[in-house]
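Open the model in your viewer and keep the selection tool ready. Each stop below says what to select and what is there.

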Number of protein chains: 2
Amino acid sequence: MTDQPCDPQTALLADLRSGLPASAVVDDPEVVASYAHDMASFCAAGRAAVVVLPRTVEEVQHVMRTATAHRVPVVPQGARSGLSGAANAVEGCVVVSLVKMDRIVEIDPVERIAVVEPGVINAVLSRAVAEHGLNYPPDPSSWEMCTIGGNIGTGSGGLCCVKYGVTAEYVLGLDVVLADGRLLRTGRRTAKGVAGYDLTRLFVGSEGSLGIVVGAVLALRPAPAPQLVLAAEFGTTAAACGAVRAIMAGGHTPSLLELMDRTTVRAVNAHARMGLPESTAALLLCAFDTPEPAADLAAVAALCRAAGASEVVPAETAAESELLLAARRLSLVALEAVKGTTMIDDVCVPRSRLAELLEGVERIAEKHELTIGVCAHAGDGNTHPTVCFDATDEDESRRARASFDEIMALGLALGGTITGEHGVGLLKKEWLARELGETGLEVQRALKATLDPLGILNPGKVL
Amino acid sequence: MTDQPCDPQTALLADLRSGLPASAVVDDPEVVASYAHDMASFCAAGRAAVVVLPRTVEEVQHVMRTATAHRVPVVPQGARSGLSGAANAVEGCVVVSLVKMDRIVEIDPVERIAVVEPGVINAVLSRAVAEHGLNYPPDPSSWEMCTIGGNIGTGSGGLCCVKYGVTAEYVLGLDVVLADGRLLRTGRRTAKGVAGYDLTRLFVGSEGSLGIVVGAVLALRPAPAPQLVLAAEFGTTAAACGAVRAIMAGGHTPSLLELMDRTTVRAVNAHARMGLPESTAALLLCAFDTPEPAADLAAVAALCRAAGASEVVPAETAAESELLLAARRLSLVALEAVKGTTMIDDVCVPRSRLAELLEGVERIAEKHELTIGVCAHAGDGNTHPTVCFDATDEDESRRARASFDEIMALGLALGGTITGEHGVGLLKKEWLARELGETGLEVQRALKATLDPLGILNPGKVL
């Protein structure tokens, strides 16, 4: 550390620069301001003191030692594509952007693992492992821009989860820089291992509040067969949810089981002229990547018809399948275009309660005179009710926030969780206590205090 | 609490009895002594003060409140089939046997979950879910006797892990009684959820040292097709391990990929006249439960031949498959019969280092003039080198322990872990520090101190 000048901000910058290349420390106010937010609505952000862009583990350790010495908060960031405000700057903080640590260190087809730095883009990794005949399943909608470090921080999901699970299930081991700059190695490179407590999973989904992930060993799978998609139209959401129940109770393992409600279907058509059937109340997309997907789709088609589908259209080619998936992937962008701004909820309920959730969202939309489109990872019971509103209209914004909260309350009442895959961040931290209960919250706070005694890691987030 | 008499033991018993049925508190010394050990060799056990057999969550809470008040250690136990001494009594402790909490509370085919108490036997659960067309994959060798609570405590594996993963991957949520008697509910009933830190996984594999699991929400899968097994004989272990590498690098997903070395094959033949080929150095068993297992087995047979297999025999019927699996399942019992006692190691290495581990074990066996049979979950790199020895022979026992330790050292040197699925317990706790490193151990100790500040939960185990 240098001799400490009077101004704490100057002293902080000097100490940061003492262990980082000049280009890695950015204090131009305009540039710093551009790192203030992730993509969540309704989440406040403070003014960061500085943005650092480390390229090595040692540099991250230097940042954390400096932050500890100065008692300054640190906010780690990936691509800032998150939807909960977890990456938002807090007043006077050091923003640590991990995007320059973007090396794929290793891909091993025998061990079926990849070793990566946190700034690797999800899609870049997916394409790299595909060249080895492998697959990294987690596929959040933002996969073309989001980073693996961000995926680990939030515990991201995606379309594939109904068969392949979420990010957490693919993290075998982590390198984590702790609040005081120590480097912790968790987990393993082997397929199995139970030596000591599972620290890996403690950091996955912790939104940078327990340590900064600087490396990860990820599990890979053999590349699956191309998936074939079926689209089924239903006159009511209840009927569509009945089909979801029948498919899952029937022992099927679709690689995707998605639902788009009428609002979403219309928004997608308006946005991209996809020609989806606007008269249906709910469109179900179901896919299989099994050796004989057509046979599986035929079985599911029969279940959909029995559940009341008005139309069932199996794709016959991979291209047709891709078109249907593209429509689904456009949902959030299309809903955003409806009113200019969206609040995307992420309530996950037991599959059997899906219909009650969707009907409840309809009631909430009517009550608040709002447009709320729902797309859902229906096979997981994970819904994204998306409130469309005009952010310049104060009253509409207030109603949007109120409806958002009512949807979370409904999710909890149905035995669900306030977040299936987007995380808590700032957006839902008031709600976390309601889900965890008193003892849960006490234990979570105690763990946070143990790993971050000064409370400098992403303070004010999650808890 | 009652007025405290002079004798601490009498006071403890009186306070325990104040909140438990008379039959749930056992202090007959002979009966208490029968709860001293799990199935690990070379692990000391203390004399418990008392054994309690609660039937409800509230009774477990009463036990923990009492233990906290008396500052008495508590050792939770399932079926005591563990192999690391984790369930061994410590001096003056309260043994909490969870075997009476054995209700399957719920099986839900739509949510694909089971809600169970900790004392449910693994095989009982497996059969119960099979009646609903479902499968609970984790299948440790002791599955006919071990409990789900014990499986969760140790993070158990089994034969199916190469395709279906370990116990941890099937635990969605837990009810845990903490050291001070508070009840903590972790996780969820939904397919996905990232609300707050992942406390569920922190308790899985913690061997009762952080809390007592009193309930679990388990994930289930649709029942797979019956598996078809292939046996391949190899003249060297290196060739067999080459086949394992080729199978995994080839993108196959066997439901089982096991290896038995010559010592194990001979032991099984001697024990049960199975007629396995004693002239081979290693016997590989590979199975598929895919829609067309015969096609998958044919591909694997070709890989085995290319890797140098002297004989490849695909089973043609489910009955033939079962016979081969029965031989594998007999391995540990058969090896135990060789000399009366065994020490079963549990080293897991990267798949590509499997041959080096097996060859190293051979050298260690020669050096110490011992019989060490190896059966391995080869597809996971998880090996069980099993040292056969005469426990009444002091010198042989000393050599057995020395060889056991050398095998762990070799596993670590090859980038592996000291335990793939059996846990640390007493047997390996000196070794854990070598695997975790200083920072890892410090963090694990800090977490233990946070959740168990008085150090009363299974003290002296794991860390």
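Select helix α13(B) and helix α14(B): α13(B) passes α14(B) in a right-handed crossing. A crossing is right-handed if the near helix is turned clockwise from the far one by less than a right angle, and left-handed if anticlockwise. This is a predicted model, where local features need pLDDT of at least 70, side-chain atom pairs count only at pLDDT 80 or more, and totals for chains, interfaces and linings use all residues. Residues are numbered from 1 along each chain as its sequence is written, chains are lettered from A and ligands numbered from 1 in the order in which they are written, and side-chain values use heavy atoms, with hydrogens and water left out.

Stay on this pair. α13(B) is residues 354–367 and α14(B) is residues 394–413 of chain B; their axes come within 10 Å and cross at roughly 155°. That makes α13(B) roughly antiparallel to α14(B). Helices (H or I, at least four residues) and strands (E, at least two) are DSSP runs, numbered from the N terminus. Axes are lines fitted to C-alpha atoms, for helices over the stretch in contact, and angles run from 0 to 180 degrees between N-to-C directions. Angles under 35 degrees count as roughly parallel, over 145 as roughly antiparallel, 65 to 115 as roughly perpendicular, and the rest as oblique.

Now show side chains. On α13(B), the residues that meet α14(B) include Leu357(B), Val361(B) and Ile364(B). Their partners on α14(B) include Ile407(B) and Leu410(B). Contact means heavy atoms within 4.5 Å. By class, this contact of α13(B) with α14(B) has five nonpolar, three polar and three charged residues. (Ala, Val, Leu, Ile, Met, Phe, Trp, Tyr, Cys and Pro count as nonpolar, Asp, Glu, Lys and Arg as charged, and the others, Gly among them, as polar.)

Next, select residues 262–272 and 331–339 of chain B. These are helices α9 and α12, with axes that come within 8 Å and cross at roughly 85°. That makes α9(B) roughly perpendicular to α12(B). Among the contact residues are Ala267(B) and His271(B) of α9(B), with Leu335(B) and Val338(B) of α12(B). The contact of α9(B) with α12(B) divides into seven nonpolar, four polar and no charged residues.

How does chain B superpose on chain A? A rotation of 180° with 0.0 Å of shift along its axis does it, at RMSD 0.0 Å. That is the relation of a two-fold axis. The same surface serves both: 100% of the contact residues of chain B recur in chain A.

Move to chain A. Select α8 (residues 237–249) and α13 (residues 354–367), which pack at about 155° with axes 8 Å apart. The crossing of α8(A) and α13(A) is right-handed. Cys241(A) and Val244(A) are among the α8(A) residues in the contact, and Leu358(A) is one of those in α13(A).

Last stop: Gly187(A), in strand β9 (residues 183–187) of chain A. Leaving aside neighbours within four places in sequence, Gly187(A) is in contact with Leu172(A), Gly173(A) and Thr200(A). The C-alpha atoms of Gly187(A) and Leu172(A) are separated by 5.8 Å.

Technical notes:
Copies are superposed by least squares on the C-alpha atoms of residues with pLDDT of at least 70 in both.
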